[in-house]
Amino acid sequence: MIRPVPSVGAMAAYALADLGGAQTVSLAQNESAFPASPAAVAAGQAAMSDLTLYPDPEWPELRTAIAAAHGLDPARILCGAGSMELIGCLIRAFAGPGDQVLGTQYGYAFVASATAQAQAEYTVASEVDLTVSVNAVLAAVTPKTRIVFVCNPGNPTGTLIANSEITRLRSSLPRDVLLVVDQAYAEFADPTNDPAEIFALADQGDTVITRTFSKAYGLAGARAGWGYFPDRLAGEIRKLLNPNNISIAAQAAAAAAMRDQVHMRDVVVQTAAIRDRFAQNCRDLGLTVPESHTNFVLIRFASAAQAQAADVALRAEHLLMRGMGGYGLSDCLRATICPPDVMDRAHNVLKGVLT
Ligand SMILES: *Cc1c(COP(=O)(O)O)cnc(C)c1O
C-alpha cells in the first residue's frame, strides 16, 4: 500500500470555504465587491495573446510598479502565487521540527496549516476583545519560538492595532525571532496607519511584511501577492519559491492594478461606506459587530444556535457567509462586503431571523 510520510498522514487538510451551489452569492472569502481596474483587465488580456515563454522569474514590471507605489527597494520585494505561497515558504525556511511558530488566537488559519507542513508546532497568544494583544504575544514567546505571525488588520476579526504597537512588538522580541506582519487588508486601513512605518521594520533585518492583490485590488483569481524582505532573508525565500511562479497574464494584470492607485482607493472608499452602513444595520438589530478596518465584518450573535439559524436562513436565500467554528467563534459569521443590493438582502434575512 502507498502511504504518505507520517507527518502528512497526521495532518488535517486546510479547511476551504464551502461555496454552495451555482446561484449562491459568496460572502465567504473576502474577495473584492468591485472588479479590478479596467487597465489591469486589459493588461492581463493583452498578455494572454502570447504565452509561449515562461514568465520572467524576476517579476520586473510588477516589482517596479510595487516599488514605485510604495517607495520601496525593488530588489527586496518578492512576489508569490498569492501571499499564501510566501507565507508557506517563510515558515519552511525558518521553522522545522522542534520549533514553534506563534500566531494569535484569531490569527489567519492558513498559518497553522503551513506550520504543520513544515513539521513545526503552531502555538497561539490570546487576543483581548477580538484584538491582537502585544503583551500577550510577548508573554507567549518561548525559547523554541522561531517566527511570530501578526495579521493587522486582523482576519477574521477586522480589528486593527496601531503601528506603534507593532513597532513595540518588534523591539521587544528577541532579534533571532522573525516577525511576519500579514497586511492582506492594509489598503483598507492606510488612512489611519502610515504603511511606511511598517515597511521600515524590514530594514532592521528581522521583519517581513506581506501584501496581496486578492483583496483591495480585486485580483484574487490571478494569484498574486508580494512581500517586503530584509536582503538576507529574501535570498533564502527565493530558494523555496516555485520558479516562474506567477503567470505572465497575472504579472501584467497585477502591475497595471498597482499603477492604478486611484481605482484601488475608490474601491476602498466605496467598500468602507457599504461596510459601515451594513455594520450599523446589524448593530441596530442588536448584533455585535466590531469596528472593521477591512472588506468584511465579523457578526456576533447572541448564541451559536442563533448564528446557525442565521446561516440556514441566509443559505435558503442563496447567501453564504463564513462560519467561524474553526476559530472557536461558533456564535459568529463573517460577511465579506459585497455590492449594496447583496448587503441589503443579507440584512433583511438577518432581520427576519432576529424579529
Ligand atoms: C486573503 C488573505 C491573504 C491573501 O492570500 P493570497 O494568497 O494573497 O490570496 C493573506 N492573509 C490573510 C489574513 C488573508 O485574509
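Here is a short chat about a predicted model of a protein with a ligand.

Visitor: What is the secondary structure of the protein made of?
Guide: The protein has 13 helices and 13 strands. Keep in mind that this is a predicted model.

Visitor: What is its radius of gyration, and what would a compact globule have?
Guide: The protein has a radius of gyration of 20 Å. A compact globule with 355 residues would have one near 20 Å, so the two agree.

Visitor: And what does the C-alpha trace span along its principal axes?
Guide: About 60 × 55 × 50 Å.

Visitor: On to the ligand. How many residues surround it?
Guide: There are 13. The closest are Ser83, Tyr185, Thr212, Ser214 and Lys215.

Visitor: How does that shell divide into nonpolar, polar and charged?
Guide: Five residues are nonpolar, five are polar and three are charged.

Visitor: Which pocket does the ligand take?
Guide: The ligand takes up the space of the largest pocket.

Visitor: What lies 2.7 Å from a nitrogen atom of the ligand?
Guide: A polar side-chain atom of Asp182.

Visitor: And what about oxygen atoms of the ligand?
Guide: A polar side-chain atom of Asn155 is 2.8 Å from a ligand oxygen.

Visitor: How much of the ligand's accessible area does the protein cover?
Guide: The protein covers 94% of it. On its own, the ligand has 380 Å² of accessible area.

Visitor: Back to Asn155. Which residue does a cis peptide bond join it to?
Guide: Asn155 is joined to Pro156, with omega about 15°. Pro156 sits in the loop between strand 7 and helix 7.

Visitor: Where is Pro153, then?
Guide: Pro153 is in the loop between strand 7 (145-151) and helix 7 (163-172). The peptide bond from Asn152 to Pro153 is also cis, with omega near -5°.

Visitor: What is phi of Leu130, positive or negative?
Guide: Phi of Leu130 is positive, near 60°. Leu130 lies in the loop between strand 5 (127-128) and strand 6 (131-132).

Key:
Residues are numbered from 1 along each chain as its sequence is written. This is a predicted model: local features need pLDDT of at least 70, side-chain atom pairs count only at pLDDT 80 or more; totals for chains, interfaces and linings use all residues. Side-chain values use heavy atoms; hydrogens and water are left out. A residue is near a molecule or strand if one of its heavy atoms lies within 4 Å of it. A polar contact is a pair of N or O atoms within 3.5 Å; within protein, one must be able to donate a hydrogen and the other to accept it, and residues adjacent in sequence count only if both atoms are side-chain atoms. Accessible areas come from the Shrake-Rupley method with a 1.4 Å probe; for residues, only the protein chains shown count as cover. On a 1 Å grid over the protein atoms alone, a cavity is a set of points where a 1.4 Å probe fits but cannot get out, and a pocket is an open set with protein on both sides within 12 Å along at least five of seven lines; lining residues have an atom within 4 Å of a point. A molecule sits in a cavity or pocket if more than half of its atoms lie within 2 Å of its grid points. Ala, Val, Leu, Ile, Met, Phe, Trp, Tyr, Cys and Pro count as nonpolar, Asp, Glu, Lys and Arg as charged, and the others, Gly among them, as polar. Helices (H or I, at least four residues) and strands (E, at least two) are DSSP runs, numbered from the N terminus. The radius of gyration is taken over C-alpha atoms; the globule rule is 2.2 Å times the number of residues to the power 0.38.
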